[in-house]
Amino acid sequence: RHADAPVYLSVPGVQDADLSVLSQTMAQCCKNIKETVQVLASRHKDIHGSVSKVGKAIDRNFDAEISAVVAETVWDTPERQKYLSETIVEHLYRQGMLSVAEDLCQESGVVIDMSMKQPFLELNRILEALRMQDLRPALEWAVTNRQRLLDLNSSLEFKLHRLYFISLLSGGISNQMEALQYARHFQPFASQHQRDIQILMGSLVYLRHGIENSPYRSLLETNQWAEICNIFTRDACALLGLSVESPLSVSFASGCMALPVLMNIKQVIEQRQCSGVWTHKDELPIEIDLGKKCWYHSVFACPILRQQTSESNPPMKLICGHVISRDALNKLTNAGKLKCPYCPMEQNPSHAKQIYF
């Protein structure tokens with residue numbers, strides 16, 4: 001017998017033909033398994049090559065050592081540490097994490113006045129209700145602060161009434177009378193929102209067949225609830241004299257944008273051996289563009305024309321660093337040249353940079 005010849009065991013009641021078929025089936029299964037394993041190994045090899053590059057990419061794009069661009073003494077005084085703790089507590093209040101904020105106050109020794117805490121408590125209570133699609137707390141707040149909101153040219157109250165009216169429409173024909181009665185709330189806003197009110201009243205014609213089957217089905221869009229939350233947060237913060245975003249989140253976002261640039265300039269400085277370029281950690285060696293979203297400013301009055309700047313007449317920074325209004329820039333320009341009224345440095349007026357707006 002040849003060494004590679006198949007061996008058939010003698011099994012009682014099983015014919016030789018059956019054993020031959022079984023042997024062929026097992027051989028085919030082994031072949032299929034071997035081919036599958038080879039395919040998996042080939043695919044794993046491709047995936048392993050990509051996965052092995054992830055670590056190198058992380059090391060190349062993320063530098064864990066950032067002490068070279070950090071001011072080590074920025075939080076070295078108790079007063080500055082107190083400011084940091086207050087900023088974190090305010091952020092926690094804004095996020096509705098009241099218990100965490102209270103624990104931080106106890107452990108850090110920070111005392112937060114109730115007058116500062118109360119607006120955030122009310123704001124979070126109303127926002128939580130809006131997320132649950134309950135408009136009543138927000139409507140009560142808007143009605144109470146109606147005049148102050150109108151002074152801000154806010155449309156919050158109208159949009160809350162509009163959304164409540166739409167919620168009645170979604171209930172079908174059974175809410176028809178209630179919707180008609182509620183439409184009286186639109187009367188104070190008739191002059192500013194006439195077109196929107198006409199659309200809302202026109203939708204009542206299709207109430208019997210369902211608004212979702214009518215030309216007014218866009219009124220039932222679900223993104224309106226997220227929009228009303230954003231509008232309420234914006235207008236409520238403006239009314240309370242607060243920024244829409246917490247200072248901590250703005251600082252963190254700005255740091256995330258600025259850190260890679262600072263790390264790159266640090267590497268360039270070290271390679272070119274010009275460490276004297278950046279001598280103070282509170283001064284940046286280059287200008288970092290954080291986008292218009294992070295531009296904040298106070299009211300600026302042009303020192304030349306003695307008038308406040310605006311969107312049509314924004315402040316312009318000259319090459320020498322002095323700032324004047326655009327109107328003053330145009331009036332001081334002569335034959336395509338500008339002489340700074342303070343230095344005086346002669347420069348091209350087209351090199352002036354807009355500060356904000």
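Author: Let us begin with the term itself: a residue counts as buried under 20% relative accessible area, as exposed over 50%, and as partly exposed in between. The model shown here is predicted. In it, Tyr216 has a relative accessibility of 22% and is therefore partly exposed.

Reader: What is the relative accessible area of Tyr206?

Author: For Tyr206 the value is 32%, and this residue is likewise partly exposed.

Reader: How is a pair of aromatic rings described?

Author: One gives the distance of the centres and the angle of the planes. The whole structure holds seven aromatic pairs. For Tyr206 and Tyr216, the ring centres are 5.7 Å apart and the planes stand at 50 degrees, so this pair is tilted. Both residues lie in the loop between helix 9 (194-202) and helix 10 (224-239), so the pair ties together parts that are ten residues apart in sequence.

Reader: Which residues form an aromatic cluster?

Author: One cluster is made up of Phe158, Phe165, Phe186 and Phe189.

Reader: What is the order of the strands in the open sheet?

Author: The sheet has three strands in the order 2-1-5, and their pairing is antiparallel. Strand 2 (323-325) and strand 5 (353-354) each have a single partner strand and stand at the edges, so one side of each lacks a neighbour in the sheet.

Reader: How many bridges join strand 1 to strand 2?

Author: Three bridges join strand 1 (residues 315-317) to strand 2, and the two run antiparallel. Lys317 has Val323 of strand 2 as its bridge partner.

Notes. Residues numbered from 1 in each chain as written. Predicted model: local features only at pLDDT ≥ 70, side-chain atom pairs only at ≥ 80, totals over all residues. Heavy atoms only, no water. Pairing = 2+ DSSP bridges. Helix = DSSP H or I, 4+ residues; strand = E, 2+ residues; numbered from the N terminus. Phe/Tyr/Trp six-rings, centres within 6.5 Å; stacked < 30°, edge-to-face > 60°. Buried < 20%, exposed > 50% of the residue type's maximum accessible area, 1.4 Å probe, protein only.
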